[in-house]
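Thanks for coming. Please have the sequence and the model open while I talk.

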Amino acid sequence: MSVDTNLNHELCNKDFASYIKNIGLQFYIKASFHEFIKQAWPAIEGGIAFVDSWHIRAIAEHLEACYRRDIKKLLINIPPRTSKSTIVSVMFPAWVWLHNAEEKFLYASYAGSLSIEHSLKCRRLIESNWYQERFGNLYQLSKDQKAKGFFDNNKKGSRIATSVGASATGKGGNFLIVDDGNNAQDGESEVKRKATIEWLNSVWSTRLNNPKNDVQIIIQQRLHEEDITGHIIDNDQANEWVKLILPMEYEDARKAKTIILPSTNGKVWQDPREEEGELLCEQRFSLEEINQYKHRLGSYGYAGQYQQRPAPEEGGIIQKSWFKWWKHDQPPEIQFIVQSWDTALTANEMSAYSACTTWGVFYDHNYIENLILLSSWRGRVEYPELREMAKRLFFDYRDNGKEHNPDFKGRKLDMCLVEAKASGDPLIQDLHKGGIRAIPFNPTKYGDKIQRVRLTTPIIEGGRVWLRAQGPKYERLMPFSDEFLQEVATFPNSSSRDLVDTMTQVLLKLKDGYLILNPRDERTQPPNDTEGKIVY
């Protein structure tokens with residue numbers, strides 16, 4: 001055999017080996033969304049280096065499960081700048097169409113311009129040389145459809161971009177995907193938050209082409225307890241949503257656990273981190289950068305956007321550590337019992353709760369007044385049920401709304417406070433007619449909700465407010481105490497503020513009546529008979 005023949009033979013073998021290698025890689029890219037992300041990255045981001053991480057693999061594998069319909073409702077909470085939109089809004093449709101080009105995608109973001117930007121990037125990826133050389137034989141984009149927010153292919157698949165609040169009339173999809181549905185700048189606007197939820201419930205949720213088989217995906221950073229994520233979590237009683245919640249700094253108490261995936265060997269997937277505070281991706285975010293974010297955003301902004309909860313773990317305006325735990329089977333010897341009501345107008349799903357908390361005033365060993373939460377109740381009820389519940393709780397503050405005890409022999413209330421607004425005014429009148437003296441509380445003279453809370457924080461911070469712990473080890477709070485603590489710690493970003501309102505009006509009323517003092521004004525001797533008298 002000649003030298004030229006040997007050389008040609010060697011080149012043919014190399015070409016064939018290269019061909020086989022490329023075929024194998026192409027098959028792998030098609031089979032693995034994570035590998036697709038890695039290989040497609042330069043076609044989207046150019047010279048920006050791809051930094052791989054376990055969280056990218058996790059998102060990719062959960063999205064694969066969505067394509068297979070193993071997951072039909074997926075909620076992803078993850079910090080900004082973690083490639084979430086590139087993966088979910090740009091690459092995912094391009095990868096799905098490699099398997100089924102008939103799939104239809106409907107995307108929404110808080111701004112139409114952002115949604116269109118993602119649409120253009122997705123189209124450019126599909127039209128790129130990298131994509132067309134490998135997968136151009138599978139389908140083609142329609143040449144007659146050039147709208148920025150809409151494109152389709154010759155297999156009847158489509159990708160439509162819209163915005164939160166848009167009507168989406170006549171539009172639908174097999175995948176409904178909301179990418180950043182809440183605007184960070186509007187996080188404090190109750191009106192805009194409620195409008196977003198109303199759109200999600202009445203417009204967006206009706207756009208599935210096949211509700212039994214199609215997929216909804218929500219991905220965002222947390223901004224408020226009443227953002228889209230908060231609404232989903234609060235109303236997911238049937239556990240239909242798979243929740244992939246990944247904070248920047250690991251918190252073992254909130255470890256994310258989802259479903260069994262191909263990579264988990266028959267076990268439920270969970271956040272692989274084990275060390276408290278371990279960063280999501282140290283290659284992308286150093287501790288120095290994280291500290292800069294904390295300084296720039298403040299505790300609330302960082303907690304929401306980076307830790308995926310709308311308030312710092314230790315609490316916001318009110319710190320969890322300020323409350324003391326009562327670690328005994330029975331409450332202390334109570335000197336005075338006051339009940340506090342915050343009422344709502346209606347019982348519909350979007351309305352606020354009506355709530356009631358009952359508190360006992362007792363003296364510690366230094367004869368200093370303290371306050372302990374004895375019970376709480378809240379619910380969305382119409383007025384007749386609210387009136388009945390108020391009467392029951394007046395005679396038995398331990399009544400949980402289900403097991404009424406008409407023979408309760410415990411201590412009766414000394415005061416029943418009702419916020420004088422909404423349904424509170426008629427409730428006060430009706431309770432008076434029923435022989436119950438309800439005292440109206442006017443909150444407006446103390447300022448808005450936040451101002452009222454700030455007026456009471458010295459008492460709480462001074463260790464004067466107690467929550468009952470649950471025996472026998474007293475390592476956790478009783479359920480009603482824990483529910484109360486979680487709400488006050490996330491204030492003012494909590495999804496509901498009714499329990500906070502009931503507490504502040506009790507503290508303000510008792511403080512005005514000298515039945516509980518600022519810790520800086522402690523008594524040096526036991527109170528006499530003339531002290532501690534409430535002025536109604």
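Cys66 has 0% relative accessibility, so it counts as buried; buried means under 20% relative accessible area, exposed over 50%, and partly exposed in between, with a 1.4 Å probe and protein chains only. This is a predicted model, where local features need pLDDT of at least 70 and side-chain atom pairs count only at pLDDT 80 or more, while totals for chains, interfaces and linings use all residues. Residues are numbered from 1 along each chain as its sequence is written, and side-chain values use heavy atoms, with hydrogens and water left out.

Staying with cysteines, Cys356 is buried too, at a relative accessible area of 2%. How far is the sulfur of Cys356 from the closest cysteine sulfur? That sulfur belongs to Cys416 and is 7.0 Å away, which is too far for a bond. The structure holds 0 disulfides, a disulfide being a pair of cysteine sulfur atoms within 2.5 Å.

Now the strands. Helices (H or I, at least four residues) and strands (E, at least two) are DSSP runs, numbered from the N terminus. Strand S13, residues 369-379, has 10 of its 11 residues buried, so the rest of the structure largely encloses it. Strands pair if DSSP finds at least two bridges between them. S13 pairs with strand S12, residues 354-363, in the antiparallel sense over 10 bridges. In this pairing Trp359 stands opposite Leu373 in S13. The hairpin of S12 and S13 has 5 residues between the strands, and Tyr367 there takes a positive phi near 60°. S13 also runs parallel to strand S16, residues 465-470, joined by 2 bridges. Ile372 has Trp466 in S16 as its bridge partner.

Next, the cores. A nonpolar core is a set of buried Ala, Val, Leu, Ile, Met, Phe, Trp, Tyr and Cys residues joined through side-chain atoms within 4.5 Å. In the largest one, of 61 residues, Phe33, Phe36 and Phe92 touch the most other members. Helix H3, residues 54-67, gives this core its largest share, 9 residues. Apart from it lies another core, of 36 residues, including Leu373 and Val488.

Last, two helices. The axes of H2, residues 33-45, and H4, residues 84-96, come within 10 Å and cross at roughly 105°; axes are lines fitted to C-alpha atoms, for helices over the stretch in contact, with angles from 0 to 180 degrees between N-to-C directions. H2 and H4 are therefore roughly perpendicular, a label for 65 to 115 degrees, with under 35 roughly parallel, over 145 roughly antiparallel and the rest oblique.
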